[in-house]
Each structure stands twice: as structure tokens, then as C-alpha cells.
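Hi there,

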Amino acid sequence: MKLGLWGASLLIASTQLSLLARSRRAWAATGLLLLPALIAWLVAAANDKVTPSGLSTMLGWHALLGVSVPLASLLLGVAVIAEEVEDRTITYLLLRPVPRASLLFGRLVPAVLWLWASCAAGTALLVAAAATARGSDAGVSDGTRLPLLLAACAGVATYTALHAALGVWVKHAMIVGLAYSFTIEGFLSNLPGRNQSLTIQHHLRSLVAGTGDDAWQRIDGFGSTEWNPLFDAALVLALVVLVACIAGAWRLARRQFELPA
Amino acid sequence: MTQAESSAHVVRAKDLARFYGDVVGVCDLSVDIPRGTVGLLGPNGAGKSTFLKLLAGELQPSRGSIEVLGAPPFANPAVHARLGFCPQQDALWDDMTAVEFVEFLLRLSGRESLAARSAALAALERVQLVDAKDRRLGGFSKGMRQRVRIAQAIAHEPELVVLDEPLTGLDPLARHATLELFRQLAAEGASVLFSTHVLHEVEALTQDVVLLHKGRLLARGKIAAIRALLDRHPRRYSIRARDSRRLARELVGLEGVESVQLKAEGLLVVATRRPEILLESLPGIASAARAGIASFESRDEGLEAVFDYLMGGAP
């Protein structure tokens with residue numbers, strides 16, 4: 001019985017999910033997503049003026065969304081195809097009677113699921129650590145934690161799909177991905193003006209702006225930035241995922257991999 | 001090309017070329033490989049691995065065409081369902097166990113879960129790894145890893161098994177068992193195409209060879225037939241005799257003999273363009289000279305000699 005695209009993707013995904021649990025790269029990505037929680041705990045312990053709400057929005061915005069989400073996604077996204085090429089194991093997958101696109105989808109989905117679980121843990125721990133802060137305010141509300149979780153999950157899905165496609169298209173995907181993350185996502189998204197909307201980060205922040213409460217107004221420039229409407233931001237992110245998947249699958253169906261012996 | 005011609009050959013390459021930038025992998029390679037067991041030979045850099053990767057569909061030709069089992073192999077699931085490929089690179093998913101690895105690839109080949117498990121165990125049994133089936137591949141020795149790669153190539157019972165240097169890393173016992181496995185596969189009706197630079201291993205398995213050199217086809221056919229084509233080279237024979245000096249004197253004047261070399265310990269190496277005269281005359285000459293022949297053997301029937309000749313040297 002020949003496997004179709006979705007049957008093969010499902011089979012690869014189920015195998016890949018169990019392998020991810022043994023992967024140092026996957027745990028490193030999880031570590032990156034838990035890092036803001038650790039920082040929050042250290043800051044809360046060291047500074048008695050910082051408030052739970054202030055700490056969670058500040059670290060959620062800058063550390064989780066701005067740094068951890070792009071870098072953790074880069075780490076796992078690039079590995080979706082490029083790791084198999086580096087390890088020279090892609091031969092076994094390419095020479096089986098399955099659509100090549102199934103390799104991309106079958107390895108992308110487990111990576112995203114892993115990162116979603118890590119995001120959920122990272123956000124929950126960040127909020128819990130921020131709640132230990134001794135400054136007085138109303139505490140961390142649902143209007144802080146849920147938008148943060150939503151944006152983090154949307155972020156890892158979008159970035160991971162983008163970097164997975166990058167891994168199919170270019171030879172040194174990690175270097176190109178790092179350059180993209182720092183120059184476009186890290187730099188451009190923090191410049192004032194309309195160019196921000198060229199970045200994924202801007203649309204993730206728009207998700208927070210569209211669903212969050214007043215606690216987010218504390219972030220510098222939050223109130224003065226022209227955020228995308230919620231639906232538009234979600235649509236742009238979904239389109240990025242779709243285009244990345246189609247472009248990656250298209251290229252994978254045609255690409256040759258020159259593997260050294 | 002008729003259907004009968006097509007089905008008689010598992011591989012048909014026409015003007016096949018593959019370049020890596022300025023580096024030639026294979027060039028202008030036109031060769032038809034028949035069903036059965038065929039050895040692909042050549043020194044390092046001859047283009048063997050490139051040819052096998054083109055054949056397996058891992059690479060696309062830069063120029064020309066290649067058909068495997070009647071169709072182009074690149075990204076072609078119909079070909080991959082009928083092809084088993086054992087790559088040269090020592091790469092495996094080290095976190096998987098041996099049986100997980102083979103079973104997973106079998107399932108990608110379309111086997112149901114239970115059938116895949118039993119076929120995986122059968123393949124591991126054939127490469128004598130069934131006792132290590134639940135061990136992680138990361139802990140396997142080089143030889144065991146090689147055998148797992150062979151197991152995944154044969155587990156789905158392909159029509160054509162392509163193996164790139166399959167005997168590398170195997171100890172003598174495992175080599176013997178693996179060669180025996182290839183014989184069994186051939187007996188079961190599979191075509192086996194394998195590359196190696198260990199020449200005597202080819203001879204132990206098949207007389208049918210394809211010789212590559214610097215990315216080009218040097219020769220293709222039976223070892224003996226290739227040798228017969230090389231009649232511009234004299235045939236060389238080793239003769240060990242009790243009185244080799246006297247025998248050498250007698251042989252120098254024989255028709256067709258080009259040279260007689262006297263080596264250590266009574267060994268003569270005779271080069272002749274008329275081997276039939278030498279073979280016919282030698283018993284009489286040896287008897288008359290009372291030379292006492294202890295052994296007589298051709299130095300040119302082996303693949304190594306053929307290869308050396310074709311490369312422009314002499315054995």
C-alpha cells in the first residue's frame with residue numbers, strides 16, 4: 001500500500017515526535033523558552049520594587065517574544081530538513097516511495113508541537129515567577145498571560161515554518177537564519193515607522209495589542225505604535241506559514257542533496 | 001527500444017554526465033546494466049558513488065539520461081518502491097534501535113505495522129543482527145552499522161538492490177556472510193549492483209562488471225571477455241620449475257613469446273602473444289629440458305590484472 005502525502009507525513013511525524021524527546025537541540029530550544037521565567041524569578045528575588053504585572057509584560061514582550069521565540073524556532077526550524085542533510089540521513093527518506101513534501105510536513109509539525117508545549121510551560125513559569133515579585137499592583141491578569149501565550153505560539157509556528165523552508169532552500173540555513181533574526185526581526189521591528197510591519201515580530205505584537213489589557217501600555221512605544229488589527233495580523237502570520245510550507249515543499253520536490261561519503 | 005529490451009536491463013544510461021561545479025562526477029557515460037549481479041569497479045574518484053546516486057535518484061544528471069527499471073529515478077516513488085539502496089555514508093538515526101530503524105523505513109515503503117515489524121526482523125536476521133535488534137544504533141560498531149544499512153536496503157524485497165561499498169567495515173566472517181547474502185538475493189531473482197574497490201570480492205560474486213575511471217566508462221562485460229579484448233597486451237603466465245633457468249632458455253625461442261623473466265625461487269614469468277602455442281608446447285619443452293614444472297598459472301585472468309591493463313599499466 002503506497003502512502004500518500006498525509007499518511008507519510010503522519011508516520012514521519014509520529015516517529016519524529018519520539019525522537020525529539022531524545023534530541024539535545026529540542027531541549028536547548030525548550031531551555032531558551034524557559035529562560036525568561038528564570039530571569040523573572042531572579043529579578044523578582046533581587047528587586048523589591050518591581051511588580052508582578054510589570055515584570056511579566058516586560059519580560060514577555062522583550063525576552064520571550066523578542067528573543068526566545070525567534071531563536072528557539074530558528075534552532076528547531078532549521079533542523080527540520082537541514083539537520084537530516086547535515087547528518088546525511090536524508091538519503092533514507094528521499095529514496096522511499098513517498099511524496100517528498102511529507103518529509104517537510106512530517107518533521108515540521110512535531111517541531112511546532114514541541115515548541116508549543118515549551119511555550120506553554122515557558123509562559124506559565126514566567127507568569128508564576130513574575131507573581132513572586134514584591135511590588136504592589138493588581139497581579140498578572142488573563143489579559144496579560146493569554147495574549148502572551150497566543151503570540152508566543154503563533155510566533156513559534158510562523159518562525160519555525162519560515163526557517164524550515166529556509167533549510168530547504170539554502171545551504172547554510174543557520175547562518176542565514178541568525179542574520180535574518182538579528183537584522184530584520186531584532187533590529188527592524190524595533191525601529192519606529194511603518195517598516196515594522198515587514199517583520200513577523202510586529203504582527204505577533206499586534207496579536208498582543210489586539211487581545212491584551214492595559215498592562216501592556218507600560219511597554220515603551222506601545223501606545224504610540226500603529227498596530228495591525230487582530231484579524232489582519234493573524235492573517236499575515238497564517239499566510240507566512242502557508243507560503244513557507246508551499247515554497248519549502250516545492251523546493252524539496254526538486255532539490256538534490258550532495259552528501260559527502 | 002522494445003519492451004523486451006527494456007526489461008532485460010535494470011539500468012540504461014545514455015550520455016550521462018554529472019558535474020559538481022568544475023569537478024566531473026561522471027561524464028558521457030552510456031551503459032546498459034542487465035539483470036543479475038553486476039560489480040561496479042573503479043579506483044577512488046572514478047565516479048562510482050556519483051553513478052550510484054544518479055541511479056538511485058538521489059542526484060539528477062547534469063546532462064544525458066538514466067532510466068532505472070524503465071523510468072527516470074529522481075524523485076520517482078514508483079522506482080523507489082522497487083529499489084533498495086545502501087548508501088556509502090555511515091549515517092543512521094543513532095537514537096533509534098535497529099528494528100525501529102528498519103521498521104520505520106519499511107512503513108514508509110507502504111508496509112502495514114505488523115508486516116513491517118516481521119519484515120524488519122527477517123531482514124535483521126539475514127544480516128545476522130537479530131540479537132541486537134533492540135540496541136540503539138549509536139552504540140553499534142562500524143560493521144554492525146554497515147549491516148543495518150544493508151538490512152534496510154533489502155527489507156522491502158526490492159527488484160534491484162544497489163549497494164555502495166557494502167563490504168566496507170566488515171570483518172572477514174561478515175564479508176563472507178554478506179557475499180553469501182548477495183548470492184541468495186540473486187538466486188531469489190533480485191538484481192544486485194554493488195560498487196567496491198576490493199577486486200577479488202567482485203570475482204567471488206560475479207563475472208559481470210562495469211569499470212569506471214575518471215568518471216568515464218572504461219569497460220563493461222564479463223571479466224574474461226574484457227580480457228580477451230585486450231589482445232594488444234601479451235598474456236602472462238607464472239611457471240614454477242625445478243630448473244627454471246633451463247626452462248627459460250627453451251621458452252625464449254618459442255613463437256609468440258615476448259619475454260621470459262626469471263624471478264626468485266624458481267619462478268618464471270612468461271609473456272606471450274600466442275598463449276595457445278605456449279599451452280600446447282609447454283609439456284613437451286619441460287619434459288625435454290627436464291625442468292620439472294611444479295606449478296603453472298595465468299596471471300591475467302584475475303580482475304585486478306584486467307583493471308591494471310585497462311588503466312594502461314601491466315600487472
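Let me start with a helix pair in chain A. Helix α8 (residues 200-211) of chain A and helix α9 (residues 230-254) of chain A have axes that come within 8 Å and cross at roughly 145°. The crossing of α8(A) and α9(A) is left-handed. Please keep in mind that this is a predicted model.

If you want to display that contact, select A:Ile200, A:His203, A:Leu204, A:Ser206, A:Leu207, A:Gly210 and A:Thr211 from α8(A), together with A:Leu230, A:Ala233, A:Ala234, A:Val236, A:Leu237 and A:Val240 from α9(A). Sorted by class, the residues where α8(A) meets α9(A) are 9 nonpolar and 4 polar, with no charged ones.

A second pair in chain A is also worth a look. Here helix α1 (residues 5-20) and helix α5 (residues 101-130) of chain A have axes that come within 7 Å, with a crossing angle of roughly 40°. On the α1(A) side the contact includes A:Leu5, A:Trp6, A:Ile12 and A:Leu20, and among its α5(A) residues are A:Phe105, A:Arg107, A:Pro110 and A:Trp114. The contact of α1(A) with α5(A) counts 13 nonpolar, 4 polar and 1 charged residues.

B:Gln146 sits in helix α6 (residues 142-154) of chain B. Is B:Gln146 buried or exposed? Its relative accessible area is 2%, which is under the 20% cut-off, so B:Gln146 is buried. A polar atom of the B:Gln146 side chain lies 3.1 Å from the backbone oxygen of B:Glu165. Setting aside neighbours within four places in sequence, B:Gln146 is also in contact with residues including B:Cys86, B:Pro166, B:Leu167 and B:Leu170.

B:Gly256 belongs to the loop between α10 (244-252) and β11 (257-262) of chain B. With a relative accessibility of 22%, B:Gly256 counts as partly exposed. Not counting residues up to four places away in sequence, B:Gly256 touches B:Ala271, B:Thr272, B:Arg273 and B:Arg274.

Best wishes

How values were computed: Residues are numbered from 1 along each chain as its sequence is written. Chains are lettered from A and ligands numbered from 1 in the order in which they are written. This is a predicted model: local features need pLDDT of at least 70, side-chain atom pairs count only at pLDDT 80 or more; totals for chains, interfaces and linings use all residues. Side-chain values use heavy atoms; hydrogens and water are left out. Axes are lines fitted to C-alpha atoms, for helices over the stretch in contact, and angles run from 0 to 180 degrees between N-to-C directions. Helices (H or I, at least four residues) and strands (E, at least two) are DSSP runs, numbered from the N terminus. Contact means heavy atoms within 4.5 Å. Ala, Val, Leu, Ile, Met, Phe, Trp, Tyr, Cys and Pro count as nonpolar, Asp, Glu, Lys and Arg as charged, and the others, Gly among them, as polar. Buried means under 20% relative accessible area, exposed over 50%, partly exposed in between (1.4 Å probe, protein chains only). A polar contact is a pair of N or O atoms within 3.5 Å; within protein, one must be able to donate a hydrogen and the other to accept it, and residues adjacent in sequence count only if both atoms are side-chain atoms. A crossing is left-handed if the near helix is turned anticlockwise from the far one by less than a right angle, and right-handed if clockwise.
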